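Here is a short tour of a protein model, written to be read with the structure open beside you. We begin at one residue and then step back to the whole chain.

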Amino acid sequence: MSIEITANDAVATRGHWSNRWAFILVMAGSAVGLGNIWRFPYMTGSNGGSAFVLVYLACLLAVGFSLLVAEIMLGRRARANSVTSFARVAHESGAHPLWGKVGWLSIVSVFCIFSFYTVVAGWVMEYTMRAAVGFAGITAEQASSGFKTLLSSPDILIFWHTVFVLMTGGVVIFGVTKGIERANCFMMPALFLILVSMLAYTMFSADLPAAFNFMFRFDIEKINQSVILSALGQAFFTLSVGNGTMIVYGSYLKSETAIPRTSLYVVAADTLIAIMAGLVIFAIVFAQGLKPDFGPGLLLGTLPLAFSTMPGGHLLGFSFFILVVFAAWTSSISMLEPLAALLIERFQFSRKKAVISICFCVWLVGIAACLSFNHWQDVTLFGLGAFDLLDSLSGKILMPLSGFLIAIFCGWIVKREVVRSELRLGDTAYFAWEWTIRIIAPIAILAIGINALQ
Ligand code: PHE
């Protein structure tokens with residue numbers, strides 16, 4: 001495959017986002033997902049509220065933002081899938097050919113995440129159906145046992161996982177502009193509107209001041225090593241960095257768009273939505289006298305109980321789960337695209353064949369993840385079932401490792417002229433970005449990696 005291809009040829013043949021706003025929406029669509037609405041609130045709840053929020057914001061700005069800029073820059077420079085992007089930019093900078101192989105790590109990582117993400121999204125689909133019927137009359141006992149019963153029902157898990165894989169494939173098969181961009185341009189504004197209406201509702205019918213106090217009251221004593229590391233891991237996951245996703249989305253970006261400013265909008269939108277989701281959830285939880293430190297079951301095990309007794313809880317519950325489905329859907333779309341782009345560009349698959357083949361593989365692996373909660377509970381590798389294995393392998397090893405290598409690659413290996421011509425930043429801003437990507441990001445990632453492996 002030829003390495004020399006001009007930027008304009010690539011734009012003409014590969015498709016591209018229609019304009020800067022469409023790009024911001026698809027990037028936000030990838031970033032805003034279960035990470036914001038499911039993980040961020042429960043992590044905030046379990047890590048002492050405001051302490052976690054504060055450190056999380058610092059990590060987003062210090063590490064997440066600079067990596068996001070680096071990934072978009074790589075993709076736009078090479079205008080290719082994540083594997084070819086590394087190879088091209090490494091070649092252009094005269095780097096060791098091994099650097100060209102780093103893209104494969106991101107491919108394995110995104111495949112693992114995609115395979116278990118569709119299972120979690122399937123839980124949300126099941127709860128959306130339950131919310132449509134209404135949670136009226138359920139007890140605390142039923143709310144928390146309802147989730148456990150779901151995990152022990154392989155047929156329901158596999159059914160919704162299958163539906164979600166089909167929904168994702170059904171969008172990506174239509175391509176960059178007609179599929180991905182169109183879906184995001186509808187779902188992201190809808191998600192935002194639902195969230196704003198829910199926030200307005202909680203102002204009148206739930207305990208918003210308590211939620212506000214819990215998330216923002218400055219409480220320095222609660223900051224400790226585990227809070228810092230969880231916040232850093234979350235910053236990574238929420239911005240979808242370390243998976244090639246942002247490289248591939250960046251590769252469809254036109255040359256005139258300013259990467260740093262656009263990335264800043266994406267980080268701002270992602271943070272705003274996570275904070276709004278947190279406020280809505282805690283306002284509801286506190287108004288019902290429930291506890292915020294419920295852990296991963298906060299969304300599915302606690303909220304139905306709250307919706308069952310609130311005025312207007314039926315409509316509210318249903319809208320809320322639709323919002324979560326939209327968030328998960330736009331993120332899973334962004335996981336399929338890097339895999340499809342690889343098959344299309346490196347192995348000359350048609351888009352249709354590429355999407356179908358990947359969806360089939362992800363569906364198979366996802367079935368193992370569904371069964372690991374029930375029939376295959378005893379089938380483990382390193383003590384982990386398929387679901388936990390996919391989660392740990394991607395979250396604790398592949399994502400931090402590829403993020404670390406991207407930081408080193410963009411900070412130290414890629415020629416400075418290349419980076420400067422893509423980023424077009426003034427001297428001070430460039431200097432700040434360069435030292436973050438060279439020093440702060442690698443050290444911070446190394447710290448999460450080492451901690452996670454312990
Ligand atoms: N950022 C997404 C979320 O917050 C998850 C994601 C991870 C998306 C990796 C794409 C790639 O849910």
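## Around Trp123

Setting aside neighbours within four places in sequence, Trp123 touches Phe147, Leu150, Leu151, Leu157, Leu300, Phe373 and Phe387, where contact means heavy atoms within 4.5 Å. This is a predicted model, in which local features need pLDDT of at least 70, side-chain atom pairs count only at pLDDT 80 or more, and totals for chains, interfaces and linings use all residues. Residues are numbered from 1 along each chain as its sequence is written, and side-chain values use heavy atoms, leaving out hydrogens and water.

## The nonpolar core

Trp123 and Phe320 have the most contacts inside the largest nonpolar core, a set of 162 residues. Such a core consists of buried Ala, Val, Leu, Ile, Met, Phe, Trp, Tyr and Cys residues joined through side-chain atoms within 4.5 Å; buried means under 20% relative accessible area, with a 1.4 Å probe and protein chains only. Helix H15 (residues 313-347) is the top contributor to this core, giving 18 residues.

## The whole protein

Stepping back, the protein has 19 helices and 0 strands, both being DSSP runs numbered from the N terminus (helices: H or I, at least four residues; strands: E, at least two). Its radius of gyration is 21 Å, close to the 22 Å that the globule rule gives for 454 residues, so the protein is as compact as a globular protein of that length. That radius is taken over C-alpha atoms, and the rule is 2.2 Å times the number of residues to the power 0.38.

Of the 454 residues, 59% count as buried. Among contacts between residues at least 6 apart in sequence, 82% join residues at least 24 apart.

How values were computed:
Buried means under 20% relative accessible area, exposed over 50%, partly exposed in between (1.4 Å probe, protein chains only).
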